[in-house]
Amino acid sequence: MREELAPHVHDITRALGNKVSEQEIERELSSYLNVYRVSLDTAKRSIVKKHGGNPATLAIGVNKTLRELLPGEQSVNLLVRIVSVNEKDVTVEGSTKRILYGILGDPSTTIPFTAWEPLPVPLAKGDVVRVQNAYTKEYRGQVQVNFGIRTAVGKAAADALPEFKPAAGQPYVGKPTPVRVVDLREGASNVAVTARILSVERREVEVDGAPKAVFSGVLADETGKSQFSAWKDFDLKGEEVVRIEGAYVKSWRGIPQISFDERATITRLKADLLPPAERLNVSPRMWIEDLADRGGGADVTVRGILIDLREGSGLVNRCPECRRVLRKGACRLHGEVKGEPDLRVKAVLDDGSGALTAVFDRELTEALLDKSLDACISAAKEAMSTDVVRDELADILVAQPIEARGNVTSDDYGLMMIVDSAKILKVDVQSEAREMLESLEGSA
Amino acid sequence: MNREVAWRLFASEYNDANLEAEGGGERPPSYIVTPLGARVNRVFVVGVITDVENVGTDGQPMWRARVSDPSGTFHVYAGQYQPEAAAALSKLKPPVFGAVVGKSRIYSPQPGTTYTSIRPETVKAVDESVRDFWILEACRSLRKRLDAMGEAQRMDPLTKEGLVKIGVKAAIADGIVQAVNHYGKVDLSRYTAMLAEGLRYLLPEYREPAGTGEAAPETPTTAKDERSTEPDETETKVLEVIATLDKDGKGAAWEGILEAATSKGVSKDALEESINALLDKGLIYEPILGRMKKI
């Protein structure tokens with residue numbers, strides 16, 4: 001451990017102009033890492049800041065695998081294979097600029113990347129590259145790697161990256177912490193969960209051209225549900241109750257989910273330890289303020305009022321490449337393209353405790369309108385404007401109490417629900433009012 | 001950055017507010033803090049839009065709408081910077097059930113006088129079921145604040161942390177502490193009565209028979225508007241009192257109305273009830289807190 005940290009200790013002292021002794025830095029770094037358990041990157045930046053230095057002068061990033069990346073990392077080093085790479089022109093502050101975008105892969109996972117500055121070496125599919133001082137951002141709940149002006153990219157030998165190796169994280173130290181499903185938070189590691197497997201399926205994913213099996217599904221305890229991914233075949237079966245020790249929590253598309261690999265141990269427990277699957281599988285009804293506290297949730301139900309339709313609701317055109325909705329005929333990434341028509345609703349759902357953006361896909365929108373996409377296209381053609389579709393949706397939806405079920409993700413722009421099912425809420429106002437009045441008079 | 005929640009609250013609580021507060025951050029949002037501690041930046045109200053009027057000029061219209069709920073009246077103003085809401089308002093034909101989402105506004109022309117209003121973002125005609133559901137939600141919301149404020153009034157010293165400890169959400173606790181510091185110990189019974197009034201409004205068993213017989217046959221009641229818009233006997237008396245006392249055009253003061261009404265044999269309770277009914281029916285309004293004016 002100490003040997004591994006030596007270059008970083010050196011890096012910090014250098015960034016601080018050798019004003020602070022290496023022993024002192026080493027002691028602080030070890031405290032940040034072992035007592036406060038923050039990431040190496042955060043620890044380094046914090047120490048430099050604390051002593052009045054500029055964290056941007058740190059030269060040695062932290063080596064990470066792609067799966068370890070979190071949004072908002074300032075300086076990471078990666079050894080990755082170029083899974084795909086494309087060029088495109090974008091307009092930045094009025095001038096045109098050529099950038100690269102594509103997908104990076106290592107044995108742990110694959111992640112999209114963008115190179116904003118010209119690179120010293122051409123990149124081609126299959127190249128293995130060493131990247132220093134890259135940074136990450138979150139886009140639609142997914143981590144993206146960016147190469148900026150400080151980033152150095154160099155080719156490495158094709159065999160520098162093992163052709164295929166199962167994801168192997170660092171072994172955990174100490175006993176796993178028991179956690180209830182409702183309390184799972186992004187970034188937690190070495191946790192223990194006792195839960196019933198509600199569903200599990202085997203998926204094949206490709207890691208560096210090699211197939212890899214992931215076992216993913218949904219598990220639950222009395223407090224809630226979570227999606228999970230097992231990176232090793234534990235022979236999990238639906239309905240069984242298991243104790244998973246040594247799991248970690250990572251957000252996938254903005255929702256915290258539990259993941260575990262060969263570091264985890266699975267113990268099979270008695271089936272009656274937890275309520276039956278049909279009791280655990282209900283979508284919990286939640287207040288939006290609680291979802292905001294938790295940072296989203298999988299398969300939750302919210303009751304509220306659609307108080308506003310957002311821009312981009314109704315008949316839209318999508319980019320054929322990335323499915324983004326076009327603005328004025330142009331895609332944010334791919335420029336002017338021939339759009340593919342689609343229907344969707346982006347509305348503000350407010351339950352009096354908070355608000356989220358609810359997104360309804362084409363199928364749900366067609367059901368709400370009781371009209372097909374084709375009918376909407378001809379209506380818009382006739383009216384020479386797509387506004388007719390939007391207006392009709394506003395007429396049906398705005399001020400309407402609804403119950404919506406789906407996954408709620410959280411990012412810099414607040415909460416967003418990808419709606420799975422929705423219905424107009426019919427409430428027996430009289431009986432609820434009577435009940436409240438009785439309890440009011442009872443307590444007076 | 002989360003979007004400001006849209007509060008459901010009754011007009012009477014909203015109009016009782018005279019405290020403005022600022023949030024934090026780069027572009028701090030402004031809030032109106034009500035006596036029960038609702039920190040309101042955005043509201044969602046559904047009520048009867050009783051009248052819509054252009055109080056601006058033809059070239060620069062400013063649409064004013066009154067939206068009444070079981071407790072009182074919201075004032076909604078939409079001008080050139082709210083083109084969509086202004087257009088929607090101008091097309092409405094009152095009386096109509098209407099939903100308004102908008103930003104809270106407070107205006108203080110001189111110290112001691114404040115007016116609250118709403119700057120609308122969205123205006124839409126709705127049906128009665130949406131209005132009824134709104135009343136229920138406003139009642140729930142009011143109940144939560146009444147309970148929390150009740151706890152707060154028993155707490156000494158009152159702190160946000162203390163409230164959070166007993167289960168009040170941090171965002172609500174903040175508003176309650178601000179409200180207590182500004183308004184002191186407010187009379188909760190008034191708001192409890194407002195809550196009960198709101199709930200009874202939804203229940204047919206509490207609905208008074210419409211009109212007093214002679215007025216009823218002539219009242220062109222639509223199927224949905226089951227309540228008479230004509231004043232009953234007591235209300236007519238109160239209406240006369242208000243008209244007589246309103247000498248300077250600024251409305252009749254509450255003390256004067258009470259005195260005059262008592263001398264005409266109207267009890268204080270009946271008077272309050274009548275005033276509420278008259279506000280509801282859109283026959284009077286409250287231009288300034290504590291003053292009534294005939295429309």
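The contact between the two chains takes 29 residues from chain B and 26 residues from chain A, where two residues touch if their C-beta atoms, placed from the backbone, lie within 7 Å. The model is predicted: local features need pLDDT of at least 70 and side-chain atom pairs count only at pLDDT 80 or more, while totals for chains, interfaces and linings use all residues. Residues are numbered from 1 along each chain as its sequence is written, and chains are lettered from A and ligands numbered from 1 in the order in which they are written.

On the side of chain B that touches chain A, α3 (128–154) is among the elements supplying at least two residues, and α3(B) gives the most, with eight. Helices (H or I, at least four residues) and strands (E, at least two) are DSSP runs, numbered from the N terminus. By class, this side of chain B has 17 nonpolar, three polar and nine charged residues (Ala, Val, Leu, Ile, Met, Phe, Trp, Tyr, Cys and Pro count as nonpolar, Asp, Glu, Lys and Arg as charged, and the others, Gly among them, as polar).

Within β12(B), B:Met292 is the bridge partner of B:Ala252.

Note on methods
Two strands pair if DSSP finds at least two bridges between them.
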